[in-house]
Amino acid sequence: MTEVILGGRPVGAGCRVFVIAEIGINHNGSLDIARQLIDGAVEAGCDAVKFQKRTPELCVPEAQRDILRDTPWGRMKYIEYRYRVEFDEASYREIDAYCHEKGILWFASCWDEEAVAFIERFDPPCYKAASASLTDLPLLQETRRTGRPMILSTGMSTMDEITSTIDAIGRDNLLLAHSNSTYPCPVEELNLRMIHSLQEMYPDIPVGYSGHEVGLATTWAAVALGATFIERHVTLDRAMWGSDQAASVELAGLKRLVTNIRDIEKALGDGVKRLYPGEEAARAKLRRR
């Protein structure tokens, strides 16, 4: 399997699992919340945090723009809400400086071409294409033109759509994330063996897992099944307002998630049978012959 370099760190079979804490829009437009989530990801030992970037007038369907919605800031049009949760350039400058100060990588899922041009100003290590964008070839091709690695999430997609998109955008510097786009996802629909299926179909592409389930055990299972990178949404409180909060991991859980991923990596070993020094005493004591 080919390794892909994200911010100087190799991602692929045999490499350390690359752990992404997705902040997404769980900051609810607050830089203070964003900083707290970055701090939590750093303390947990994550490799990167990820945001989402949209240009609302390009991403919100015209028929949806004027629909009134209850929000933490009162009742407002949906398009106004979308602008409220989008960070501007000055905010991202602060995020960029803060992540550099804390020593953690950051990047974003871009939902439109203008968003790609916007995030390019910050020299990101890679881009993420959200599951909803898997069939948006103009957006994916614009993202590929940056020359940066791209993580392609495969939720809400058929195998024909996945193969067609990969054929269209190429395999170079590409990573695939198995995912289910139900928020939160029932465990019986996670279908983690798709990690193996994608690895068999695309042995030259690192395959990882983007989880939206409640709990941590299934994400650990994804690591045991060979996921080369992991992404989970993070939140300060799963009861906070926002569509992604309930499918997110709180910071104490994030720390436990990463700690146990590192233990699983050590426990998996290399598959070569050997006699360990700690077994010698038991061998001498218990073997009859």
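Biologist: Leaving aside its neighbours within four places in sequence, which residues is V49 in contact with?
Modeller: Keep in mind that this is a predicted model. V49 touches A21, I23, I38, A41, C99, I104, L105, W106 and F107, with neighbours within four places left out.

Biologist: Which residues have the most contacts inside the largest nonpolar core?
Modeller: V49 and F51. That core has 63 residues.

Biologist: Which helix gives the most to this core?
Modeller: Helix α1, residues 31-44, with seven residues.

Biologist: How far apart are E43 and L251?
Modeller: In sequence, 208 residues. In space, 8.9 Å from C-alpha to C-alpha.

Biologist: Now α6. Which of its residues are buried?
Modeller: In α6, residues 113-120, the buried ones are A115, V116, F118 and I119. They sit on the same side of α6, because they cover an arc of only 160° around the axis.

Biologist: Switching to strands. Which way do the β9 residues point?
Modeller: M150 and L152 point one way, I151 and S153 the other. All of them are buried. The strand covers residues 150-153.

Biologist: How many bridges join β8 to β9?
Modeller: Three, and the two strands run parallel. K128 is opposite I151 of β9. The chain gets from β8 to β9 through α7, in a right-handed β-α-β crossover.

Biologist: How many bridges join β9 to β10?
Modeller: Four, again with parallel strands. β10 is residues 174-179. S153 has A177 in β10 as its bridge partner. Here the chain goes from β9 to β10 by way of helix α8, residues 159-169, and this β-α-β crossover is right-handed.

Biologist: What about α9, which residues are buried there?
Modeller: M194, I195, L198 and Q199, in a helix that spans residues 194-201. Their arc around the axis is only 140°, so they are on the same side of α9. They pack against α8, β10, β11 (207-211) and α10 (217-224).

Biologist: On to the backbone. Which peptide bond is cis?
Modeller: The one from Y183 to P184, with omega near -10°. P184 is in the loop between β10 and α9. For context, most peptide bonds are trans.

Biologist: What is phi of M156?
Modeller: Near 50°, which is positive in a residue other than glycine. Most residues other than glycine have a negative phi. M156 lies in the loop between β9 and α8. M156 counts as exposed because its relative accessibility is 59%.

Biologist: And what is phi of N173?
Modeller: About 55°, also positive although N173 is not a glycine. N173 is in the loop between α8 and β10.

Biologist: Why does N173 count as partly exposed?
Modeller: Because its relative accessibility is 27%.

Definitions and conventions: Residues are numbered from 1 along each chain as its sequence is written. This is a predicted model: local features need pLDDT of at least 70, side-chain atom pairs count only at pLDDT 80 or more; totals for chains, interfaces and linings use all residues. Side-chain values use heavy atoms; hydrogens and water are left out. Buried means under 20% relative accessible area, exposed over 50%, partly exposed in between (1.4 Å probe, protein chains only). The arc is that of the directions from the helix axis to the C-beta atoms. A nonpolar core is a set of buried Ala, Val, Leu, Ile, Met, Phe, Trp, Tyr and Cys residues joined through side-chain atoms within 4.5 Å. Contact means heavy atoms within 4.5 Å. Two strands pair if DSSP finds at least two bridges between them. A crossover is right-handed if, with the strands pointing away from the viewer, the path from the first strand over the helix to the second runs clockwise.
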